[in-house]
Amino acid sequence: MPVKFFGQFMVEKGAITRMALLQAIDLQEKTNLKFGEVVIEMGLIGKEDIARIHLAQRSEDLHFGDMAVKMGFITEDQVQQVLTRQRNSHLYIGEALVKVGAISEQSLEKYLADFKQDQAGYISEKIEIPADVPHQPIWEMVADLTYKMLTRVVGITFRPGPCTIIDKMPARPIIAEMGFSGSVSARYLLSVSENTRNLVAKAILAEDSVENESVEILDDSVKEFVNIVCGNIAAKAAQLGHSIDITPPEMRDDSAHGIAVPEKHTGLMFPVYLSDGEIFELTIFIADR
Amino acid sequence: MKNVLIVDDSIAVSRQLEKIIDDGKEFKVIAQGRNGAEAIKLCQQHKPDIVCLDMNMPVMDGLTALRTLMQLMPDLPVVMVTSLGGVGDKYTEAIRLGARDVISKPFEKESVLDMLRRL
């Protein structure tokens, strides 16, 4: 996998040990509190209300703070106070490596420059749809909401790769799909590996373990994740003045040799790099009009 | 004790909803269906007190099933279940066809139980 996280890059380069990376991650996790954790620490919101806000975020595309304001738990001023506190105390992994004594402050700058150069060809800082693809704002919104729901619903760390036009989807073990009709006609396909499917299932079923669950339930959880994402897409499209109807989610069972983009369609692929190297890919087959 | 029928093509969603409803003590899930056609059949068979009906399902969608159910059993309390939280026209159509309310996914336990108690 060419796409790496900074810590992974440092270990592979031999600049730090895996143990030092784990120490730095541990320090980072203790230092960097999530928005909800900061508001609890500041005594602004109780734990039960945090759960209510997280649930509401799955149905409406709003940041945690904005949703908390909308639901009347905090004020706009308090959101700014929390964000300032988060910003001022945020510890990046490079800084954490310095703090645990794995590297010096002087060498950090050089390693960061090397890392940026190494990753320049792989990482997409913003969603860019290739030129000539119609309805670009819609596909940007589709990818954006997929990334947001991956964070909000499944809670995993990832980096989005650049969007490319494809002729064929690679063979993947698990693919769930939904259809769009109305303002645009397209198929939304989500490919995941077995491990990623299990993470999604844990989040959807709200269970700590899914070891004893059947494949049917696990697949069904991926379909439900796709359903939540596409429900949000339809809702957001309506706010933007587009009408998108969605079909029920289905599993693709013809993906053993990959899936060719159908005739008179454009295939867009949005790779998502997960920290554990597992698969999560969004593909859209857009019908030409 | 009120008998509830759940109709949703997602087993995961049905299981979540069943857990919430059974926790409510005053409700009991008596049957589950996977599409709109099954909803109609199961309603005639079990005569439930409340139906939780997903909007977006294969074979027959929830709104089509609701239209038929309201012709067959106009007084049957049906609540629609949907992930289309912000799509106003779907909500309006469901209410216009006779649904008593709409539950948005993902579920919030107390909101679901409060809604069922109000029916």
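## Working through the A–B interface and its salt bridges

Between chain B and chain A, the rule finds three salt bridges across the interface (a salt bridge being a side-chain nitrogen of Lys or Arg within 4 Å of a carboxyl oxygen of Asp or Glu). This is a predicted model, where local features need pLDDT of at least 70, side-chain atom pairs count only at pLDDT 80 or more, and totals for chains, interfaces and linings use all residues. Residues are numbered from 1 along each chain as its sequence is written, chains are lettered from A and ligands numbered from 1 in the order in which they are written, and side-chain values use heavy atoms, with hydrogens and water left out.

**Exercise 1.** Describe the contact between chain B and chain A.

Step 1: start with the residues. Chain B puts in 20 residues and chain A 25 residues, contact meaning heavy atoms within 4.5 Å.

Step 2: go on to the area. The two chains bury about 2,000 Å² between them, 51% of it on carbon and sulfur atoms; buried area is the accessible area (1.4 Å probe) that two parts lose on being put together, summed over both. B:Arg15, B:Asn56 and B:Pro106 supply 28% of what chain B buries against chain A, more than any other three residues.

Step 3: pick out a charged pair. B:Lys19 bridges to A:Glu207, with the closest N and O atoms 3.2 Å apart. On the side of chain B that touches chain A, helix H1 (residues 11-23) gives the largest share, six residues. Helices here are DSSP runs (H or I, at least four residues), numbered from the N terminus.

**Exercise 2.** How far apart in helix H5 of chain B are B:Arg117 and B:Asp114?

Step 1: confirm the bridge. The closest N and O atoms of B:Arg117 and B:Asp114 are 3.2 Å apart.

Step 2: count along the helix. The two are three residues apart in H5, which means a separation of about one helical turn.
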